[in-house]
Number of protein chains: 2
Amino acid sequence: MYTRPLANLIEQLQRLPGVGPKTAQRLAMHILKRPEEDVEALAKALIDAKQQVGYCSTCHHLSADVICEICANPSRDDAAICVVSDSRDLIALEKTREYRGKYHVLGGLISPMDGIGPDQLNIQGLVRRVSSGKVLEVIMAISPSVEGETTTLYVGSLIKPFTKVTRIAFGIPMGGDLEYADEVTLAKALEGRRELDF
Amino acid sequence: MYTRPLANLIEQLQRLPGVGPKTAQRLAMHILKRPEEDVEALAKALIDAKQQVGYCSTCHHLSADVICEICANPSRDDAAICVVSDSRDLIALEKTREYRGKYHVLGGLISPMDGIGPDQLNIQGLVRRVSSGKVLEVIMAISPSVEGETTTLYVGSLIKPFTKVTRIAFGIPMGGDLEYADEVTLAKALEGRRELDF
């Protein structure tokens, strides 16, 4: 049905997450219509990203350098570390532009079901950073799933001897409707209530 | 926020149709996790498809060879030509496995609003094929939009002197609900009614 190089491209595109046969076909047809230099730029971007991007040796965020831009930035506060599961969560937090401290990326969550124990995560590096004594607060910013809670409690207990450990708030999302919130979220929102200050 | 090669990859992926910032980020993160040879295979497939795929010199279907597989296939009926707007429609028809004739891909539809006149389409080649006298039927298989109707009527009038010209049926889709069909479709379905044969 498709000429060989086109069939091959469609097959390769289908391996991407969320790309089914129809989408792969549409993407492939679009690529054939693009100028050759655009297609080469995309191919080069793929290979460059794969070859050049590794992990920051300090916080394990995705980085093309040994030390990532956040860790290397002298205007970011060394006294606070925000612990996240992966780089995507770090980027979501960065987009808020609210946080000026540093990060630590665990690289996953403790999940015995999937064979992921604490040794597979970047936990030792965090303990080393915190045990220096210069860190005044560690903010656990991990989704409240079963694995997330396990990880938060495990990591929290390891670093509690060295520093203050906090976690982000869970509750009703802004613009969210109380009526449609699930019971667990509502219970968390009640539990986390704070005094209204005027 | 993103390290340079990753930011560049996300930007390149965002140029694909239907890929927004979130999807581009998810795709890029997935690509970073894939083995290097997989990423190279995808990059190579992109470049190969772009460099090798052109158009069949006879029917203008996408092809890596001068003559496409359908035109070169001796078991396909030379006496019938099905006219479509683009290769995607050809592929949709091929998937039915109902048609054993040849095709002709116009490469678009007549659309004065977009500056596309008959000269921008592969119409002369069709007239040449049909005027040989060996083609017994030309089936117009073009979507019934304003541009589609214009194109069907224009092309049909050019080739009518040489051969029988038919068009595919429009009506209620199989499994479709009569109640929810729009008036135009329903009118077409009435107009195209056929005697029930027992």
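Tutor: In chain B, four strands form an open sheet in the order 4-3-5-6, with parallel pairing. Strands here are DSSP runs of E with at least two residues, and helices are runs of H or I with at least four, both numbered from the N terminus; two strands pair if DSSP finds at least two bridges between them. At the edges of the sheet are strand 4 (101-105) and strand 6 (164-167) of chain B, each of which pairs on one side only. On average, neighbouring strands of this sheet are turned by 25 degrees against each other, direction ignored. Axes are lines fitted to C-alpha atoms, for helices over the stretch in contact, and angles run from 0 to 180 degrees between N-to-C directions.

The model is predicted: local features need pLDDT of at least 70 and side-chain atom pairs count only at pLDDT 80 or more, whereas totals for chains, interfaces and linings use all residues. Residues are numbered from 1 along each chain as its sequence is written, chains are lettered from A and ligands numbered from 1 in the order in which they are written, and side-chain values use heavy atoms, with hydrogens and water left out.

Strand 5 (residues 137-140) of chain B is joined to strand 6 of chain B by four bridges, and the two run parallel. Within this pairing, Met140(B) has Arg167(B) of strand 6 as its bridge partner. Helix 6 (residues 124-131) of chain B packs on the sheet and touches strand 3 (77-84), strand 4 and strand 5 of chain B, contact meaning heavy atoms within 4.5 Å. The direction of helix 6 makes about 150 degrees with that of strand 4 of chain B.

Turning to chain A, there are eight helices and six strands, which follow the pattern α-α-α-β-β-α-β-α-β-α-β-α-β-α along the sequence. The radius of gyration of chain A is 22 Å, well over the 16 Å that the globule rule gives for 198 residues, so chain A is more spread out than a compact globule. That radius is taken over C-alpha atoms, and the rule is 2.2 Å times the number of residues to the power 0.38. The C-alpha trace of chain A spans about 65 × 45 × 40 Å along its principal axes.

Ser63(A) lies in strand 2 (residues 62-63) of chain A and counts as buried at 3% relative accessibility, the limit being under 20% relative accessible area with a 1.4 Å probe and protein chains only. Beyond its neighbours within four places in sequence, Ser63(A) is in contact with several residues, including Cys56(A), Cys68(A) and Thr3(B).

Conventions:
Buried means under 20% relative accessible area, exposed over 50%, partly exposed in between (1.4 Å probe, protein chains only).
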